Amino acid sequence: MKKFFAFSLLIYCVSCSQNPEKNKEKKADRKKEIRQVTVEKDSLQRDTIEFISYNDDFDYSQLNGKKEKKEISYINDQNNDRSFLRGDLIAIEYKNDSIYIAGDGETPQNAQWIVTARKIKDGKVSEFRKEYNQPIKYLYSKEDEISDSYLDHLYKLAEYYIANSKKDLIKLSVKNKETLGYSIEKQKRNDKEYYTLGIYTESDHKINTFQWLYIDPETNTIYEYDLPNDKLVEFQ
């Protein structure tokens, strides 16, 4: 009985002598192993999508596209081609792999990584640039403090609208290569802030504004302003 008691006491003492910090680390590692997601790496897959935009605002560069009216985002870190314009039809090769979200315990998540991408058909914006072949002018107040990157973003939205507009006056202006431009203002409507773009033609240093657009900065949705009914109509 005395021998058994002494042996038990020895085990207890050895257990007490272990570093409690190491125990915590082991437990943390074990928890991480338990919650870790195993991501199957598939072989290359292929698809054809309509290009929408690039997005470099997150940990991983993204390429946003659309297929059958459904928007899809891909990780674009491995593809250096930045020449696509909104509406271009592109053929992509992609694979399923992992991404690690910062601030989320580096837990892996499934994502689609683009391996290759190439344009197979010009969209309306590409066609517009080839036909019009000159920059669109724009005016804005320095007091609005709009960054260069956001000015570029608004330019792409205005260009997309002009390239896809069904308005006869815009189509005629493009065909005749008239000087097209737009003004930029910040406006509130129903307690919501928008960027308003006034599309105009310029002739003999005179500006004729003929269409107002409202841009929702949260969703990038373009609205045409319907003056007779004083309402916004989403541009499709």
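Reader: Let's start with Glu 127; where is its place in the structure?

Author: Glu 127 is in helix α3, residues 124-132. Helices here are DSSP runs of H or I with at least four residues, strands are runs of E with at least two, and both are numbered from the N terminus. Please keep in mind that this is a predicted model: local features need pLDDT of at least 70, side-chain atom pairs count only at pLDDT 80 or more, and totals for chains, interfaces and linings use all residues. Residues are numbered from 1 along each chain as its sequence is written, and side-chain values use heavy atoms, with hydrogens and water left out.

Reader: What about the protein as a whole: what share of its residues is buried?

Author: Of the 236 residues, 35% are buried. The protein has five helices and 11 strands.

Reader: How is the packing of two helices described?

Author: The description uses the angle between the two axes and the distance between them. Axes are lines fitted to C-alpha atoms, for helices over the stretch in contact, and angles run from 0 to 180 degrees between N-to-C directions. In this model, α3 packs with helix α5 (residues 168-175) at about 50°, the axes being 9 Å apart. Angles under 35 degrees count as roughly parallel, over 145 as roughly antiparallel, 65 to 115 as roughly perpendicular, and the rest as oblique. α3 and α5 are therefore oblique to each other. Phe 128, Glu 131 and Tyr 132 of α3 make the contact with Ser 173, Val 174 and Lys 175 of α5, where contact means heavy atoms within 4.5 Å.

Reader: Now the charged pairs: how many salt bridges does a search of the whole structure find?

Author: The search finds 12 salt bridges. A salt bridge is a side-chain nitrogen of Lys or Arg within 4 Å of a carboxyl oxygen of Asp or Glu. One of them pairs Glu 159 with Arg 129, with the closest N and O atoms 2.7 Å apart. This pair links distant parts of the chain, since Glu 159 is in helix α4 and Arg 129 in helix α3, 30 residues apart. Glu 159 is buried because its relative accessible area is 4%, whereas Arg 129, at 37%, is partly exposed.

Reader: Which residue forms a salt bridge with Glu 202?

Author: The partner of Glu 202 is Lys 137, and their closest N and O atoms are 3.4 Å apart. Glu 202 lies in strand β8 (residues 192-203) and Lys 137 in strand β6, so the pair ties together parts 65 residues apart in sequence. Glu 202 is partly exposed at 21%, and Lys 137 is partly exposed at 41%. Elsewhere, salt bridges that share partners join Asp 88, Lys 119, Asp 122 and Lys 130 into one network. Lys 119 and Asp 122 form a salt bridge with closest N and O atoms 2.8 Å apart.

Notes:
Buried means under 20% relative accessible area, exposed over 50%, partly exposed in between (1.4 Å probe, protein chains only).
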